[in-house]
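Welcome! Here is a short briefing to read beside the structure, with the points grouped by topic.

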Number of protein chains: 2
Amino acid sequence: MARVVVDVMPKPEILDPQGQAAAGALSRLGFTGVTEVRQGKHFELEVDDSVDDETLGKIAEGFLANPVIEEWTIRRVEK
Amino acid sequence: MARVVVDVMPKPEILDPQGQAAAGALSRLGFTGVTEVRQGKHFELEVDDSVDDETLGKIAEGFLANPVIEEWTIRRVEK
């Protein structure tokens, strides 16, 4: 068994209204040092040893992210 | 300027219907080695050097996460 983390973020050229809303709210609340916020998704998968990196790539590209508007990173982490 | 990553996840004892849906879909699609999926949020903040760790803690606890049902990690990353 292994734990795999997939982080999915809007591509840099894609507007991120959720992140903009968070950044605007923080500024209004007095946290003036935060200049940008971008929000994405964080997945933690438990996979058995039969799942190789190619399969993980298919899962991330096909089902966890939308490749048209999002980019993603995949990493295996120690538990 | 620094980049800060905040990952927010449902606490282990909290049901995660989004993650369960993803896990169920992957299983039906033939990715049988994935035994669990949990889904959370991934924030990337650009902050200036006046923002210390205590302030980042307040931002994460107060505005990015819901401490009743979520846990979070904060880390500064190299750009």
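Predicted model: local features only at pLDDT ≥ 70, side-chain atom pairs only at ≥ 80, totals over all residues.

Leaving aside residues up to four places away in sequence, H42(B) touches residues of chain A, including D7(A), M9(A), R38(A) and H42(A). Its list of contacts also takes in V5(B), V6(B) and D7(B) from chain B.

- H42(B) belongs to strand β2 of chain B.
- Is H42(B) buried or exposed? With a relative accessibility of 2%, H42(B) counts as buried, because the cut-off for buried is under 20%.
- The side chain of H42(B) has a polar contact of 2.6 Å with the side chain of D7(B).
- Another polar contact, of 3.1 Å, links the side chains of H42(B) and E44(B).
- On the chain A side, Q39(A), G40(A) and K41(A) are also among the residues that H42(B) touches.

**Strand β2 of chain B and its partners**

- Why can β2(B) be called largely enclosed by the rest of the structure? Ten of its 14 residues are buried, so the strand is largely enclosed.
- β2(B) pairs with strand β2 of chain A (residues 34-47) in the antiparallel sense, and 13 bridges hold the pairing.
- Within that pairing, R38(B) of β2(B) has E44(A) standing opposite.
- E36(B) of β2(B), in turn, stands opposite E46(A).
- β2(B) is also joined to β1(B), again in an antiparallel arrangement, by seven bridges.
- One of the residue pairs to look for here is V4(B) with its bridge partner L45(B) in β2(B).
- As a general point for reading strands, side chains in a regular strand alternate between the two faces of the sheet.

**Where the two chains meet**

- How many residues does each chain bring to the contact? Chain A supplies 29 residues and chain B supplies 29 residues.
- About 2500 Å² is buried between chain B and chain A, with carbon and sulfur atoms giving 67% of that area.
- The interface of chain B and chain A has zero salt bridges by the rule used.
- Polar contacts are found between the chains, however: twelve residue pairs, with both residues at pLDDT 80 or more.
- On the side of chain B that touches chain A, at least two residues come from each of β1 (2-10), β2 (34-47) and α2 (53-64) of chain B.
- β2(B) gives the largest share of that side, with 14 residues.
- Sorted by class, the side of chain B that touches chain A holds 13 nonpolar, nine charged and seven polar residues.

**Salt bridges inside the chains**

- Over all chains, the count is eight salt bridges.
- One of these joins R75(A) and D7(A), whose closest N and O atoms are 3.0 Å apart. R75(A) sits in strand β3 (residues 70-77) of chain A and D7(A) in strand β1 (residues 2-10) of chain A, so this pair ties together parts that are 68 residues apart in sequence.
- The two partners have their own levels of accessibility: R75(A) is partly exposed at 31% relative accessibility, whereas D7(A) is buried with a relative accessible area of 5%.
- D53(A) and R76(A) form a salt bridge too, at 3.1 Å from N to O. D53(A) lies in helix α2 (residues 53-64) of chain A and R76(A) in strand β3 of chain A, so the helix and the strand are tied together by residues 23 places apart in sequence.
- D53(A) counts as exposed, at 55% relative accessibility, and R76(A) is partly exposed, with a relative accessible area of 41%.
- In chain B, a salt bridge links E70(B) and K41(B), with 3.7 Å between the closest N and O atoms. Which parts does this pair tie together? E70(B) lies in strand β3 (residues 70-77) of chain B and K41(B) in strand β2 of chain B, so the pair ties together parts that are 29 residues apart in sequence.
- E70(B) counts as buried at 14% relative accessibility, while K41(B) is partly exposed at 25%.

Key. Residues numbered from 1 in each chain as written. Chains lettered and ligands numbered in written order. Heavy atoms only, no water. Contact = heavy atoms within 4.5 Å. Buried area = accessible area lost by both parts, 1.4 Å probe. Salt bridge = Lys/Arg side-chain N within 4 Å of Asp/Glu carboxyl O. Polar contact = N/O pair within 3.5 Å; in protein donor to acceptor, adjacent residues only side chain to side chain. Helix = DSSP H or I, 4+ residues; strand = E, 2+ residues; numbered from the N terminus. Nonpolar A, V, L, I, M, F, W, Y, C, P; charged D, E, K, R; others polar. Pairing = 2+ DSSP bridges. Buried < 20%, exposed > 50% of the residue type's maximum accessible area, 1.4 Å probe, protein only.
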